[in-house]
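Here is a short report on one structure. Please keep the sequence and the 3D view open while reading.

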Amino acid sequence: MTMTDGIKRRDFLKVLGVSSAGVAASGCSTSEVEKLLPYVVAPEEITPGVSTWYTTVCGSCSAQCGMWVRTREGKAVKVEGNPNHPVSAGGLCSRGHASLQHLYNPDRFAGPMIREGDNLRQGTWAEAEQLLAAKLRAASNVMYIGGNTGPSMNRLIDEFVSAVGGTRVEYDAVSDAALQEAARMAYGSTALPRYDIENARLLVSFGNDFIEYGSSPVAHNKGLSKMSAVDDHQSKGRFVYLGARLSTTGLNADEWIPIVPGTEAAVALGMASVIAGDVSDAGPYADVLRSYTPTTAASVAGVSEDAIRELAERFVADGPTLAMGPGAGANHRGATAAHIAVMILNHVAGNVGRTVHYDAGVTAAASSYADMESAVSAMAAGQVGVAIVHGANPAYTMPSASGFAEAFAQVGFKVSFASAMDETAAMADLIMPDRHFMEAWGDSMPRNGVMAIQQPVMQPVPHFDSKQAGDVLVAVANQLGNGLGSATFYEYLRSGHMEMHDASMGDFETLWADALRTGAVEHDMAMGMATGNAMDLQAPDTALSFDPPPMDSGGDLMLIVHPSPRFGAGEFSNSPWMQELPDPVSKITWHSWLEMNPHTAEQRGIREGDIVSVASGNGSVDVPVWLYPGIREDAVALAMGGGHTDMGRWATGNGVNVMDLLPSESEQVSGAQVTLVTSVTVTPTGERRRIATIEGSSDQHDRPIAPAVALADLGHAEEGDHEDDGHGPLMELQGVGGFVPVDANGGTPEAFPLAGTDHGEYADAHEKPRWSLAIDLDKCTGCSACVTACHSENNVPWVGEDQVLMGRDMNWVRIERYYEHVDATQAGELDVRFLPMMCQHCGNAPCEPVCPVFATYHTPEGVNVQVYNRCVGTRYCANNCPYKVRVFNWYRYTDENVPEPMNWQWNPDVTVRTNGIMEKCSMCIQRIRETENRAALEDGRPINDGEIVTACQQSCPAEAIVFGNIRDPNSRVSQVVSSERTYRVLDELINTQPAVNYLKKVTFHEVTGGHE
Amino acid sequence: MSTGLLASYEYLDSTVDAIEGLKKAGFKVKAYAPYPEHHIEDALGYGQSPVRVWTLVGGLTGAATGLAFTTWTSVDWPLIVGGKPIVSIPAFVPIIFEMTVLFGALSTVIGLFILSRLPDVKPAVVYDPEFTAGRYGVYVEAGSDRVDEARKIMNAQEPIELREGEGEDDA
Amino acid sequence: MRKHWLIGGFAGVLALSGLAFVQGGGAGADSPTTLSDFQPIAFPHDQHAGSEPGQNNMDCQFCHFSAERSVDAGIPSVSTCWGCHQAIPGTNNPQEVAKIKDYLDAGEPIPWVRIYKIADHAHFPHMRHINAGLQCQECHGEVQTMGVLEPQRTGLPAVFLGQDRVWGGDNMGWCIDCHRQPNEDGVQQASTDCSVCHY
Amino acid sequence: MSTVTKDRTARGALAHPDVTRLDDVNRDVLKPLTGPPGKGWWMMLALCGAGIGMFFGAWGWQIYRGMGVSGLNAPVGWGVYITTFVFWVGIAHSGTLISAILFLFRAPWRQSIYRAAEAMTVFAVMTAGLFPLIHVGRLWHAYWLIPYPNSRFLWPNFKSPLVWDVFAVTTYFTVSAVFFYLGTIPDVAAARDRAVGLRKKLYQVISLGWQGTDRQWHHFGKAYIFLAALATPLVLSVHSVVSWDFAMSIVPGWHATIFAPYFVAGAIFSGVGMVITLTVPMRKFFGLEAYLTTKHYDAMAKLCLLTSMIVLYAYMSEFFMAWYSGEEIERTAFWNRLFGDYWWATWIMLVCNGMVPIMLWFKRVRHSIPALFVISIFINIGMWFERFVIVVTSLHHEYEPFAWGMYRPSVTEMMIMVGSFAWFGFWFLLFTRLLPPIAIQELKEVLPPPMRKQKEAH
């Protein structure tokens, strides 16, 4: 559905009364009078009580995935991945889901803020714009500091900056400047490599955490699961991770080669030299390959020469293969060289044009940290009259050593476009709150030839008098007399696209409408993105050293600094969903932690939870230790995004800011910020704290919870084995006599229901579907997108750190993470099991009979439902749930924790639970009912397979979750479940007959540890 | 119009003898004792107490109610829990049992009260507080013609005191 | 003494049945309207929907437009009202009709006071019931005979059977009664599965 | 008749050597009711009053704020509240045991303690009954557990052990209260005949005009026997049902067939312990040494010893079965019970319930009232911890290792737990001052009846 007419949208919010029904608390509803507020003029595309969907582009991070937004009566209530988007192709990460909380964030500015002395006062937009214009007129030197935005906005900013005769500094906290520079040097390409992970059979990542951040996490996540999931021919791609620390990406690897940080180049070249028997394949880099053999690599990388040689041989043998250069977590002094080395490796292995394509859009900021450093010195020298900060928060994301704050303070007039308070805005003289991307226009160019339009999906949230930065620039420019040719940014954007449009693409209006409807259109417009001829290597135009870069001495442990999968570089920190989302790796919420290898800790007499002081030459932080076998013994790791000092109620004061430990330094070649350079000393402070984790034990204790099967054993399992691996026969409930087996071939029922199935109400059970979930653990990457999606869809409240510490997290679905084989000392197989655990909807549910009031029972469709308003809160059901998936409302979380307008994101179709009520996964029964209602209206047609999609399934980038009617042999879920890998958790022990079927993870090695 | 004679005795055997004497003479005797003294009951020739019937009937009613109620409520709105049949009798046994005991006990008490005329709120004219302490009492009513005979039998057992007054025709 | 016993026992029985009753009306406590509400505009339902001579006999869904395709019945936009009323000044009390214009000019919605409110933890999809052939009146009462809709209440506080007389509304048993009616095949006509309404 | 007399003389003498005349009993037993209460009594009453204040204060706070003020969480959804509930239900049991079961078995030593024990039963159930209410998340909807006709056409789930509980506990309370009341009627009548003023009025009402006529005694006796006969299986059933709250679940450490007998034994164990704890001071304050003799305590001590051994046996067999079954999850659960995070609770339980009572093997200990008093305190503590161990250690390490968690009781929970003792003590104190603390009429029954013939024989 498109929204081109701006006027109509003005009326959307005036119908809240109607939709308020869903959002009052269950059991005790409000006693004050409820008003029904009709539209003044009814927009024809809106029906109260029926959701309206809009496509837009997710502006949360630079990946800019395609997004669907579900609105009810003019309010955005849920975001989902847009399957039609050429790059992200459905699925959405948890940060994307959390964008809803930034839209309704109560800490957003109520309007333009103007500094008067020490405090800010709210002003009008006219006032603010005049003020800015005046200052710009007077200003000697204007500096525009901003992160990457869509192409049009980019263009506008450039035009604006030149118009006011200023300089522009692009700055993203996490930038891929090194990669850009490498691409330029090696291939003369301005485009970045696009990785076709899906088609690789052997994937080697040199510390690249591609499913967490970077150019397109969702797409990469999808690619990884497609690549590594076992296919019908019993074959699966292999994923080898080389790095000092296992990120979420790394935990999905089949092998882990824990190389010394900074030796990526040596190892990559070592491999390349093995592959390129005739090194002249490497063109100008031939002699480099001569000097870098596996032997030299092994000597520096701390892994055996055989391991490298053997990997290199497989890298040609198992083709098509793919190597990915170091990620944002590994920006050391030799980052560019490392990237080039990996490009050489791909080149000699013949992957260019096969699995690597040099046509990806530049998503992160084009320029580098070095520019920022000079900007800082300029500001410090007082040469900057006006500084405008847009889409960046350098006061927080730059190392304190950089002295940004001090320098920024020297600027005559400081302007910020931040829509909510952050550390930089706190220093500003004028704050002109930008719109949230769901309220604003924009565009993106994720890949050459793909145009995606970001359209507003709702009226600006009325609590906040915000204005799109583009509109402000246009307005101010007009006031300054040098207009940019448009009255609004919308016009500017549209006309821009119109200019680039040529007749060959057909009618512009149609194209535009398509783009708005589907979210993106593919065409062959270059949009100013020059694709280099990426076929042959060019000689480097700068001196490069491929030796391991020097690291700062002073400490005895290497400090690995990486963007947080939840907070990025800190821009997502003020979202309770993100704060409370258990970190995919550590399962810790809210606060920061220092990752340390258990052996290292043991030697130093450090226990988990000890608060240690981590000190480098640049500063020190106190942070609790979390023991992690997935990190080298000579390294420790800290995530970015913690320790905000001024960023709203949820972020401020949580954890520590790792930037306090880093030097302000940029890599010589590319100018990228150097993050992997510091060695630290770790000394216990003597204090301890409890870790706010949801993890009880990371050991399965040999229980049939997350079993795996070796690839070699697939297809050889006799029928007999099924019983003990949990793949019992499908059973159906009888009126008398409990459960009896159903004739089924490998799980797919042939005869449903059994004769004589009759239980009162349930007499017609055989006409009903039997809803079921299938979850493929071979695909699940543990990214935790489903967790946030579920929170968003089902009005699951967050509880806060103290409650998590008491073990009261409310997750309806949690990703369990069990270590089977993790060895940080040598190259070897890696076996970590992820298991999304939600209500198993047991046919034989232990929770049901113990409830004294029938608040939980089994529906004829086989769903185990919880009737909130009937629940009296004895918690017996939770005690008796073997899967521990039931959560209890210990306080009025939904009232007390949710300030206006955060409550606007409640899903009106789901009852909001209050104090004293048990809740759990409902298989998104509201979606089932909605679909049933729709089908009933369309003269009672049957529900089609795949028509109902649960929230977790929709957001899963790995497509690991399938929902459907298992009674229908042709349904997708039945097909999936018929796999020999199917099992049901703990079923063979306690005969719970779950409706959730899991498919075992497939490993290359013999499954020894854990349960088979 | 008859005379009531209330003799209070210190000794059990004398009390019993007095009762037996009076019974033989065909008087209608009412005895008091500080504790349940079955020698006195024997002397008065009591049979089995009908309280037992109350208990039995109450218990059976309870059992029936329990079974019927649990079954009916389950069928009235059938909901499947834990894959159990709608009417799963074993799960109802505890309820049925408790109902049996409850009804049984209550009807027993009601029976007791009815049979032994409790609560008895009439001011007790023919009563001596010592009966709850250490003394036994024997009370007969005699028409003027037989008063002397009764008095003679009672005095033969040396009562501590012998009171005479208006008979109250208490049955 | 015995008398006291009787009184005591009687009181006990009363209390119990009272409790049961409270349950009957208990859900009424959820009904959000209070005694002192009046509508911003004295809208006579009978004048619009009534079939008496002089009344307009309009279909309910002319104004409550989304009842047949949405969970919400919908309330007419101000422009919808004005659509007719710019032609019809109103016979009985035009000053009320004039108010519509004021709201329209001000671009403000009319703050109608909600009368029919089902508990928030129960989901009532209007379209399913309309499509099942129910008349609006079966739930909402003979609205076309009522004037200005105001909360109709027994004098009692909400806890004691305080809900609207015009409908059984917030009383689950009242829904169940209908759902349990057997259809032509003798099977009950609508599901009484809890999760059909409560989720 | 003479034979009967002789044997009863022997029995009476055995029980109470220094009580000879029937009305001595009235004199001694009714003394506490008539005499001034004494400072000590008032102080204890004040203490209990304060405790009750704390109890309801904490509860009110919890209702106002939500269950969050407790330390409960997932996976440990039950903690101190349920522990204390089971503890009090257990305490209740010995009362009925002594009054009903020992009555049917004609145990000679029960008469002088059963009144106190029964009172304890009633008050203990009154206390226990509060805890299910305290622990539910939505107290204001707790009445949904009671089956009553309602406009929703909804009934409770009779398959749920919690509903069994509702029936068992309420039945138990009703029956034991009735039983208790019935036994007091003749004694209150005795008190009535000596009391004056307001008390007389009160006792007149309570005693329902009891006169001790032959008819009353006749039916009374029968009714009493039948009530005892009903109460006996009831008392066994109630704690079985309570144990099924756990045994009917699938939680490792709860799901055990041994639970019903194991809980009943434990209940009697703790109950008798509590009787000792209560009667020792009572006997001192009100000078009832003549009626509560070492013989009685010796008998109770033996009962403790027996039940302690049964309980210990139950512990052992649980551990053995866990190991012998080879069931991995069961094994882990019980290993964790002994050496896991809550090892201390388990060892307190084992020491207090298994080791300390061993001293009762020695006659000298059994005959030393102070020693018994101390031991009984240990038993109370140990039995509370037994329930804590069962409830908490089983829950905190369950099937799903990733969901394991710890439970730390909160201040509020502790205040409510301690307060419940005050609530109980308050009623018991009132009882000692208002009702004959010892069954007068039954004592008289076992005293040698006054015989003229004997006197003449001398």
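How many helices and strands are there in chain C? There are nine helices and one strand. Helices (H or I, at least four residues) and strands (E, at least two) are DSSP runs, numbered from the N terminus.

## Ground rules

This is a predicted model, in which local features need pLDDT of at least 70 and side-chain atom pairs count only at pLDDT 80 or more, while totals for chains, interfaces and linings use all residues. Residues are numbered from 1 along each chain as its sequence is written, chains are lettered from A and ligands numbered from 1 in the order in which they are written, and side-chain values use heavy atoms, with hydrogens and water left out.

## Chain C

Along the sequence, chain C reads α-α-α-α-α-β-α-α-α-α. Chain C has 199 residues, and 42% of them are buried. Buried means under 20% relative accessible area, exposed over 50%, and partly exposed in between (1.4 Å probe, protein chains only).

Take the contacts in chain C with a separation of 6 or more: 60% join residues 24 or more positions apart. Contact means heavy atoms within 4.5 Å. Chain C exposes about 10500 Å², and carbon and sulfur atoms supply 62% of that area. Accessible areas come from the Shrake-Rupley method with a 1.4 Å probe; for residues, only the protein chains shown count as cover.

## Chain B

Chain B has five helices and four strands. From the N terminus, the order is β-α-β-α-α-α-β-α-β. The radius of gyration of chain B is 25 Å, whereas a compact globule of 171 residues would be near 16 Å. That radius is taken over C-alpha atoms, and the globule rule is 2.2 Å times the number of residues to the power 0.38. The C-alpha atoms fill a box of roughly 80 × 30 × 25 Å along the principal axes.

Of the 171 residues in chain B, 55% count as buried. Among contacts in chain B with a separation of 6 or more, 82% come from residues 24 or more positions apart. Chain B exposes about 7200 Å², with 63% supplied by carbon and sulfur atoms.

## Strands of chain A

Strand 2 (residues 52–57) of chain A is largely enclosed by the rest of the structure, because five of its six residues are buried. Strand 2 of chain A pairs with strand 3 (residues 66–72) of chain A in the antiparallel sense, over six bridges. Two strands pair if DSSP finds at least two bridges between them. Thr52(A) stands opposite Thr71(A) in strand 3.

Chain A also has an open sheet of five strands, ordered 13-10-11-12-34, with mixed pairing. Its edge strands are strand 13 (321–324) and strand 34 (828–829), and each pairs on one side only. Strand 11 (residues 238–242) and strand 12 (residues 255–257) of chain A pair in the parallel sense over three bridges. Here Tyr241(A) stands opposite Trp256(A) in strand 12.

## Aromatic rings

The whole structure holds 78 aromatic pairs over all chains. One of them is Phe56(D) with Trp59(D), stacked at 6.1 Å centre to centre and 25 degrees between the planes. Rings of Phe, Tyr and Trp (its six-membered ring) pair if their centres lie within 6.5 Å; planes under 30 degrees apart count as stacked, over 60 as edge-to-face and the rest as tilted. Phe56(D) and Trp59(D) both lie in helix 3 (residues 39–65) of chain D, three residues apart, about one turn of the helix. Phe56(D) is partly exposed at 35% relative accessibility, whereas Trp59(D) is buried at 9%.

The charged end of Arg649(A) is over the ring of Trp650(A), 5.6 Å from its centre. Arg433(D) lies over the face of Trp41(D), 5.8 Å from the ring centre. The test is NZ of Lys or CZ of Arg within 6 Å of the ring centre and within 35 degrees of the ring normal.
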